[in-house]
Amino acid sequence: MAPQPKRHLLPTFFATVLVLVAAMVWMGVQLLRQDRALAGQRLREQCDDAADLAVASLQQQLSRTEERLTALSAALNSDLTVAAGAFANRLTAGSVLLVLGASGMDVYPERRLLFVPDAARPPSAVLALFAEADALEFRRETLRDAIAVLRPLTRHADRAVRAEAQLRLARCLWKSGDPDTSLAAYRDLAQFRSLPVLGIPAEIAAGEGRILIFEARSDRDSLQREGAALCEGLRSGKWPLSRRAYAFYRNEACGRAGTATPPDPPETVALAVAAEEAWANRGAGGGGRRIVWHENTPILLVWRTGVERTAVAALGRRHIEANWLNARLGVRIALSDPEGRIVAGAAAQATVPQTVRLAAATHLPWTLHASVPVGSGALPARNRLMLTALLTLVLLVLAGVYFIGRAAARELEVGKLQSDFVASISHEFRTPITALRQLSEMLVSGRARDDQERGEFYRAMAAESERLHRLVEGLLSFGRMEAGAIEFRMETLDAAELLATVVAEFRKSADARQYQIELDNGDTQRPRVRCDRAALTCVLWNLLENAVKYSPECRHVWVGLAREGCRAVIRIRDSGIGIPPAEQKQIFEKFVRGAGAKSRSIRGAGIGLAIAEQIVAAHHGAIAVESVPGEGSVFSVLLPAVE
Ligand code: ADP
């Protein structure tokens, strides 16, 4: 018999495993932490390296820009336009080159500023030429004379004079009631494009004049077209205007256009404001770098002053980001001003490792921040992998513990059943042995009164020996069954004949216990089965014995045989204690005894049905039970019938 597992070992085993798992988890967490710290350290180093590289690259870019500005500020006048154009070609939209000289400010590329700080004024000498015409137009209201004075001036050698004359001529023609000729004169005026007339570019003056005529004529379509064209020109920086003039004409013209005009992009406004700043500080010699803010838009001014002029690069955010921060460093770079406002790049999240290089240390106009983009790098992937491995390991250990625990619990259960079995079987043996001892003692001491009584003693001894024999046979069968060594001697038998023999034999012991065994061997059909006579007898005997044992009150057992299809079915029915449904499957397992059997102290070892089921299975048959607690049970042995 297998040694019984020690019950107290199980908790010890589970506790040990628990400690092991806890240690494993702890070590895993430590490992993860270390790994994270290591990866963080690596990222910080990466940021440091990237920050140094970015600083070096920015310093290089800035000094290259400054060198080129120095060259521009010192260039010959004849070379300036070409050199400035080449410089401007490299600028991204939102940036501009300004050349500030004695004559004013030149913008490269042209038209990039919405308004300029040095909107030109007509020279007073030019205005003096129109004193007479203006007097005729305004004071004496002799428009024809004024027109006569102005016409020759529209062919003057000086372009500025021609433009001024054209404006006045158009105005006088309109006032004299000749709008068509006036419109033609305004068209001619527009040919002078940006040339200032009365302080504003000729095209704007012409547009304004035409708008007045269209308004007076209530020509809404032409009015709207003219307004839209002017508005478009203004918003594209077509004309050099002061900030105030720009705002005035923009409102005027866009109002006439009659459609909602979107506000100017902050970047273009900021660029024009920065140009104003540069113009206002044009006296400052040498060179420098400065960030000019307009609302939330920064412009970096870098300038170099030469003998004749100052060259200023006004660089917007886009230019810096596209040309100076695009080095593939694997980190995110952001530039901020001393107040912490971001000038270029995107601010890093506070949680990610980042390196800061202060402006004071790098001599750059910005403080530089290098950070790792969120979710990048090998850190999360590695961590995930380690976590998965750790979890898998823990799960495997837990699954192992579960299965070992389940197997151990089963073993414990079987162990308990085995010890119950030993107790029951000892009791089983003791009863016939005690009876045999008493009977033999009585015979030896001559206590039998006569031959008849002696004969009864001998019969009782024979019955007890038979019982012992069956017990030993049952145990041997069980032992062979456990070892898988049962051998059957198969023969073809008449099932009815076999059943009748077993019942007749069983009746002998049943009669003594006052039990009636009723046999119904079926009618004409007598099924034949292939079986081992001794083994099948053992099965039927066990079932009959159980029917008797578990029917303490109703002392009647019914045995029947029938052919059902291709099977011979033997049924043994009793009206005993019955079997609860929950137990009906378990009772076929070895050592299992029903609760009713135990509570009523009915003797038994719990192996009879296990043996019976094994034997019937070996005969390609099956055993089934139908039972109602308190009403009785029917055990059916189904065997293949032989034709
Ligand atoms: P044993 O009878 O020695 O306990 P068995 O393997 O023959 O062992 O039966 C297992 C259990 O099945 C019994 O303990 C009993 O609870 C139940 N049992 C078997 N046959 C009957 C029956 N005819 N009526 C009620 N219970 C039965």
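Is Cys231 buried or exposed, and what is its relative accessible area? Cys231 is buried, at 5% relative accessible area. Buried means under 20% relative accessible area, exposed over 50%, and partly exposed in between (1.4 Å probe, protein chains only).

This is a predicted model: local features need pLDDT of at least 70, side-chain atom pairs count only at pLDDT 80 or more, and totals for chains, interfaces and linings use all residues. Residues are numbered from 1 along each chain as its sequence is written, and side-chain values use heavy atoms, without hydrogens and water.

**View 1. Cys231 and Cys254 form a disulfide.** Their sulfur atoms are 1.9 Å apart; the cut-off for a disulfide is a pair of cysteine sulfur atoms within 2.5 Å. Cys231 sits in helix H9 (220-235) and Cys254 in helix H10 (243-257), so the bond ties together parts 23 residues apart in sequence. Helices here are DSSP runs (H or I, at least four residues), strands likewise (E, at least two), numbered from the N terminus. Cys254 is buried too, at 7%.

View 2. Cys531 is buried, with a relative accessible area of 0%.

**View 3. Helix H12 (residues 317-324) has three buried residues: His319, Ile320 and Trp324.** Seen down the helix axis, they fall within an arc of 95°, so they line one face. The arc is taken from the directions from the axis to the C-beta atoms. Their cover includes helix H1 (9-74) and strand S6 (297-305).

Conventions
Contact = heavy atoms within 4.5 Å.
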